[in-house]
Amino acid sequence: MTSRLNPITTPRHELRAEKARRNKEAALAAFIGKKAEIDEMLARLQALSDDHFNCAPDEAGWAMVGTLEHYASLLKRITDSAFGEGEHAR
């Protein structure tokens with residue numbers, strides 16, 4: 001645990017620098033947490049895809065096609081946003 005600076009005896013520029021440092025550390029921790037969350041979701045999706053979305057070949061029908069089309073459209077929104085494509089083109 002880091003000690004806090006005394007706001008009465010510490011110069012203002014040092015207080016601002018310490019606040020900026022703590023804010024940057026918090027942002028980094030939040031970023032790493034969200035990245036781990038996304039990585040976990042991607043791994044689960046990959047495993048589901050590897051298992052053909054729990055669909056046996058004799059069960060593949062238009063309902064499953066519709067489900068995959070829905071999944072693909074949601075993922076397209078994400079990839080378009082992440083890569084600046086589609087409606088998010090720069």
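How far apart do the C-alpha centres of domain 1 and domain 2 lie?

**View 1. Domain 1 and domain 2 of the predicted model.** The C-alpha centres of domain 1 and domain 2 lie 25 Å apart, domain 1 covering 10-54 and domain 2 covering 56-89, with bounds that come from an automatic or database domain assignment. The model is predicted, and local features need pLDDT of at least 70, side-chain atom pairs count only at pLDDT 80 or more, and totals for chains, interfaces and linings use all residues. Residues are numbered from 1 along each chain as its sequence is written, and side-chain values use heavy atoms, with hydrogens and water left out.

**View 2. Helix 1 and the residue just after it.** Helices are DSSP runs of H or I with at least four residues, numbered from the N terminus. Helix 1 has 39 residues and spans 57 Å from its first C-alpha to its last, close to the 57 Å expected at 1.5 Å a residue, where the expected span is 1.5 Å times one less than the number of residues. Just after helix 1, His52 adopts a positive phi of about 55°.

**View 3. The aromatic pair of Phe53 and Tyr71.** One aromatic pair is found in a search of the whole structure, and this pair, Phe53 with Tyr71, is tilted, at 5.9 Å centre to centre and 40° between the planes. Rings of Phe, Tyr and Trp (its six-membered ring) pair if their centres lie within 6.5 Å, and planes under 30 degrees apart count as stacked, over 60 as edge-to-face and the rest as tilted. Because Phe53 lies in the loop between helix 1 (12-50) and helix 2 (62-83) and Tyr71 lies in helix 2, the pair ties together parts that are 18 residues apart in sequence. Phe53 is partly exposed at a relative accessible area of 22%, and Tyr71 is partly exposed at 35%; buried means under 20% relative accessible area, exposed over 50%, and partly exposed in between (1.4 Å probe, protein chains only).

**View 4. Asp80 and Ser73 in helix 2.** Asp80 is buried, with a relative accessible area of 9%, and, leaving aside neighbours within four places in sequence, Asp80 is in contact (heavy atoms within 4.5 Å) with Glu85, Gly86, Glu87 and His88.

Note on methods:
Helices (H or I, at least four residues) and strands (E, at least two) are DSSP runs, numbered from the N terminus.
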